[in-house]
Amino acid sequence: MKVLSAEEMQACDRVTTERYGVPSIELMRAAASAVDVFAREHFPRARRVTVLCGRGNNGGDGMMAARLLAKAGLEVTTLLLGSQYELKNDAATAWRELGMSPNRFLYEVSSAVELRAHNAALDTDLIIDAVLGTRFKPPMKGMALAAMEWASASAAPFLSVDLPSGWPANATSSKIEEKVFPSDAVITFTVPKAAHVFGEMTRRWNQPIVVAPIGSPEDAIVSAQLLSWAGTSHALVEQPRATDSNKGKFGHVLVIGGSVGKSGAPAMTSMSALRAGAGLVTAAVPSPIVAQVSSIAPELMTRPMMASPTGELASKGITAQQFEKLIDRKTVIAAGPGLGEGPGTEILLEAVLSDTKLPVVIDADGLNTLAANPFLMEKMTEVAKAGRTVVLTPHPGEMARLTGKSVEEIQANRLEAARKFVGETGVTLVLKGSRTLIAHPDGRVAVNTSGNPGMAKGGSGDMLTGVIAAMLAQFKEDVARAVEAAVYLHGLAADLAVRDADEHTLLATDSLNYFPRAFRYRPFRFSKGHPRGYVWLQGLSAAGRLGVRSSEAE
C-alpha cells in the first residue's frame, strides 16, 4: 500500500473524479459511510455523539457521518465551526442533507463564547473530530484552535476523521510541536498519508489507525515519494503451502553468532528462524556454548567453532575450507548476534562478504565490527552494489556508528538517514525503532507500524534477525517483500502477545508463541456495514475481534 503526501492525495481525488468519472460527492458519501460504521463498531457503547465540523471537505465528511449516525438511532449533536453560508461545493451539499435528516441538534458556532454555550455537548460518549483535513498547514488558529481547547475538557474518546486536527499530513516525525486535537482512533481514506505511518498521533500506541478504501482506482494512486506500508507484504504468508512441500523448498538458514555469556543471542535468532518457516536452521557457535544453544529446540542443528580464550570466535576459528563446508547447501546467512567484536568476528565477516554470494543478514556485533573496519564497509558496498542481497538491521546507536553521526542526528531525520546510507552502500537497511524503516536499494522505503514498547528488551533484535533470514530463505526471489513481511510479522507477534500479557513484562521470546496467530492475521478486515473494508495500520493488539479473523478472535 502506497503512502501519499497531502498534495498527492488531492491529485488522486481529482484524477478519480476527472479521469475515472467518480463524482467527488460520492467519495464523500463513501468516506462518511466508513466513519459511521467504524464509529459504531469500535465504540459500540456510544449512544451520544458530538461531531465537530470544519468548513472544508473534512467537515463535509463529518456532516454526512453525523446524518448516518443519527439515522442509526444515535443522539448526535453537530457543531459547525463557522457559518453555513461559508460552505462550498460538497460541504454545502452535506450540510443541506444533514438539515433534512432526523437529527435536529445542529448548531453554527463562530466564537469561543458560542462554543461554551454548548458545554452540554461535552458530556457525550464520543467526539468525532472532522475539523481540519489534509490541506491543513500549521499553526492551528481561529475557531479550530478554540474548538480544540474547548473539546479537550471532555472525558469522551475522540475519533479523528482523516487526521487529528492540527497534525500536518506530510509530517514524518513521530511527534510534533504544534497544538493538536487529542485522538483515540483515526480513520483515513484510500491510502495512508506520511503522518499516519510516522506519527504517534493517538494517545496510546495500541489505539487504531485504519484506512478505508472509498472508490479510487489503483491507477489513480500515484506517489513520487516511493513510500509504502510494510504490512502490505504480509500477503506473502497468507497463501497455504503446496501439498507436496518438503523442508528443502523453504531454505536452510545458517546462524553464525554467540560467545561465552551470550549464548542466548544465536539461540533466539535460530528459534525465531524456525518459527518463521525456514525448512532447516543450523547455528554455528563457539564450542563452549554449543550445548546451551542446541538445548533451545531439538529441531535446531549446531556446528561448533573454535573459541578464543575469552570465549569468542577464535581468529583462527575457521579456515577457508571449513567455511566452504559450513555454507554448503545453505540458503541464507545470519551473522552477528552475540558474536563479540574480537578479531575472529572481523575474519568471519570478511569470509561472509568475500567467499560466498549467499544472501546475508548482519546484526549486532557484526554491525559494530563493520563500522570499525573501513575495509569491510568497502567490501560490503562492493558486493551489495554488484547485486548481492545484504541486509543490515541497526538500531539507532548502531546506525550512528555505521554513519559516523550521532544518535540525535539519526533520529532527527530517520528517513533521510536511511535513504542516504542505502544510496551509498546498496544494501537493504532495516533501521529499527518506533516505526522501523525498511530502505531498499532502488530507493523505495517501507514504514512498519506494528510493534510496541514491550519490545524494548534484550533479544528483540536477535529475534528479528532470525525472522528476516527465514523469510529470505523462503522467498529469495522477492527480497523486498520478504524483509518487509518479516519486520511486520515480528512486531505483530509482539502486539498479539501484549494483548494477553503486559508490555512491562513481555520478553522477546514470549512472542514466539504468537507467531502462528501473526501469520494467520489479516490486516485487511471486511465489514458488513462498509463492504470495502478497512486496513488496520495500528492498534491491532487492542482491537480484539475487530482486527482478527473469527477463528482467532478470542
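This is a predicted model: local features need pLDDT of at least 70, side-chain atom pairs count only at pLDDT 80 or more; totals for chains, interfaces and linings use all residues.
Reader: What makes α8 mostly covered?

Author: A residue is called buried under 20% relative accessible area, and 10 of the 12 residues in α8 are buried. Among them are Ala265, Met268, Met271 and Leu274.

Reader: How do you know that the span of helix α8 agrees with 1.5 Å a residue?

Author: Helix α8 holds 12 residues, 264–275, so it should span 16 Å; its end C-alpha atoms are 16 Å apart, which agrees. Just after α8, Gly277 has a positive phi of about 110 degrees.

Reader: What makes Leu370 and Leu392 stand out in the largest nonpolar core?

Author: Of its 122 residues, these two touch the most other members. The largest share of this core, 13 residues, comes from helix α18 (residues 479–500). Contact means heavy atoms within 4.5 Å, and Leu370 touches residues including Leu349, Ile362, Met377 and Leu402.

Reader: Why are β3 and β18 called edge strands?

Author: In the open sheet of nine strands, the order is β3-β2-β1-β4-β5-β6-β7-β19-β18. Both β3 (106–109) and β18 (524–525) pair on one side only, and that makes them the edge strands.

Reader: How do you know that β4 and β5 pair?

Author: Pairing needs at least two bridges, and three bridges join β4 (residues 126–130) to β5 (residues 158–161), so these strands pair. They run parallel, and the bridge partner of Asp129 in β5 is Ser160.

Definitions and conventions:
Residues are numbered from 1 along each chain as its sequence is written. Side-chain values use heavy atoms; hydrogens and water are left out. Helices (H or I, at least four residues) and strands (E, at least two) are DSSP runs, numbered from the N terminus. The expected span of a helix is 1.5 Å times one less than its number of residues. Buried means under 20% relative accessible area, exposed over 50%, partly exposed in between (1.4 Å probe, protein chains only). A nonpolar core is a set of buried Ala, Val, Leu, Ile, Met, Phe, Trp, Tyr and Cys residues joined through side-chain atoms within 4.5 Å. Lists of a residue's contacts leave out its neighbours within four places in sequence.
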